[in-house]
Amino acid sequence: MKIYPLSRSILIILTLISVSISVKASNPKRIISLSGSITEVLDGLGMGKQIVAVDLTSDYPAYIAELPKVSKNRSVTIESLSSFRPDLVLALEGELAADVQVQLQKLKIPFALITQDFSKTGLQNFILNIAKSVNQVEKGQQLAQSLGKELTALMNKSKNSTQKVLFIYARGAGHMSVAGQQTAVDAVIKNAGFKNAMKGFTGYKTYNTEALVAANPDVILMFNFGLSSLGGSESIANMPGVKLTKAGKNKRIVSMDASLLNNYSLRLPEAISKLQQLVL
């Protein structure tokens with residue numbers, strides 16, 4: 001794979017100045033990944049055979065879904081981690097409890113905390129930091145370089161679109177929220193060239209009919225399981241207020257695989273392309 005000299009130099013510098021890695025293993029052979037986003041990159045780096053356990057968010061590629069899980073929920077204990085005898089634990093910055101970090105250090109189990117930033121440059125740094133933690137820097141540089149070129153092409157495809165997309169997270173009618181700024185879904189919507197219909201807040205907030213009508217989205221976007229949990233697009237179209245929006249009037253209620261849309265990782269080009277197909 002061709003690497004352009006200047007861009008490659010920039011990637012090397014970004015790798016060297018990384019501070020997100022707390023402890024580095026030299027040649028890890030038993031890796032635990034605590035993030036589906038990290039797992040995607042490990043697979044892209046050819047480190048799949050070294051992964052011995054994963055968290056619940058890791059479900060891609062298919063063989064990953066068959067690996068042991070360190071926990072039945074999002075929290076992990078030192079007992080569950082150490083039982084797999086890892087020589088490297090990878091987690092997102094802010095998602096590994098402080099007491100677990102202390103206990104990993106006491107047991108001399110290396111771990112790295114990887115910062116995730118929802119931007120093209122942030123994703124390239126994300127890849128480089130993971131590659132550094134598993135001693136695959138050159139492969140990481142190649143992946144980051146290739147990904148950057150692919151994203152640039154996709155982002156130019158619909159940059160002048162005025163379509164407003166509203167994302168609803170749902171696990172049944174009693175658990176619904178909408179995505180605001182600084183979320184992975186918000187970034188994918190914008191990277192695809194569209195506008196997030198929800199403004200004025202970061203993260204997620206509880207869904208309500210008044211906010212839906214005021215936002216008046218052109219398209220309502222959901223995870224596949226969320227759409228199913230509400231009975232499908234026809235049921236959603238009959239929810240209060242939906243038919244008052246452009247999305248409801250034009251029956252533009254679409255869904256995507258959850259990890260593809262939410263991981264903001266190596267499959268980001270696929271996520272952007274899929275969303276553009278659904279919206280344009």
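In which loop is Gln182 found? Gln182 is found in the loop between strand 6 (176-179) and helix 8 (184-191).

## Basis of the model

This is a predicted model, in which local features need pLDDT of at least 70 and side-chain atom pairs count only at pLDDT 80 or more, while totals for chains, interfaces and linings use all residues. Residues are numbered from 1 along each chain as its sequence is written, and side-chain values use heavy atoms, with hydrogens and water left out.

Helices (H or I, at least four residues) and strands (E, at least two) are DSSP runs, numbered from the N terminus.

## Annotated domain

An unreviewed UniProt entry places the feature "domain: Fe/B12 periplasmic-binding" at residues 30-280; positions from UniProt are given in the numbering used here, feature names are shortened, and annotations may be inferred rather than shown by experiment. The span 30-280 is 43% helix and 16% strand, and its end C-alpha atoms lie 44 Å apart.

Four strands form an open sheet with the order 2-1-3-4 and parallel pairing (two strands pair if DSSP finds at least two bridges between them). Strand 2 (51-54) and strand 4 (111-114) are the edge strands, each pairing on one side only. From one strand to the next, the twist averages 20°.

Strand 3 (residues 88-92) and strand 4 run parallel and are joined by four bridges. Ala91 has Leu113 in strand 4 as its bridge partner.

## Backbone features in loops

Tyr60 and Pro61 are joined by a cis peptide bond, with omega about -5°. Pro61 lies in the loop between strand 2 and helix 3 (62-65).

In the loop that holds Gln182, this residue has phi near 60°, a positive value in a residue other than glycine.

## Packing of helices 7 and 14

The axes of helix 7 (residues 137-155) and helix 14 (residues 268-279) come within 9 Å and cross at roughly 15°; axes are lines fitted to C-alpha atoms, for helices over the stretch in contact, and angles run from 0 to 180 degrees between N-to-C directions. Helix 7 is therefore roughly parallel to helix 14 (angles under 35 degrees count as roughly parallel). The crossing of helix 7 past helix 14 is left-handed, meaning that the near helix is turned anticlockwise from the far one by less than a right angle.

Helix 7 contributes Leu147, Glu150, Leu151 and Leu154 to the contact, and helix 14 contributes Leu268, Pro269, Ile272, Ser273 and Gln276 (contact means heavy atoms within 4.5 Å). By class, this contact has six nonpolar, two polar and one charged residues; Ala, Val, Leu, Ile, Met, Phe, Trp, Tyr, Cys and Pro count as nonpolar, Asp, Glu, Lys and Arg as charged, and the others, Gly among them, as polar.

Key. Parallel < 35°, antiparallel > 145°, perpendicular 65-115°, else oblique.
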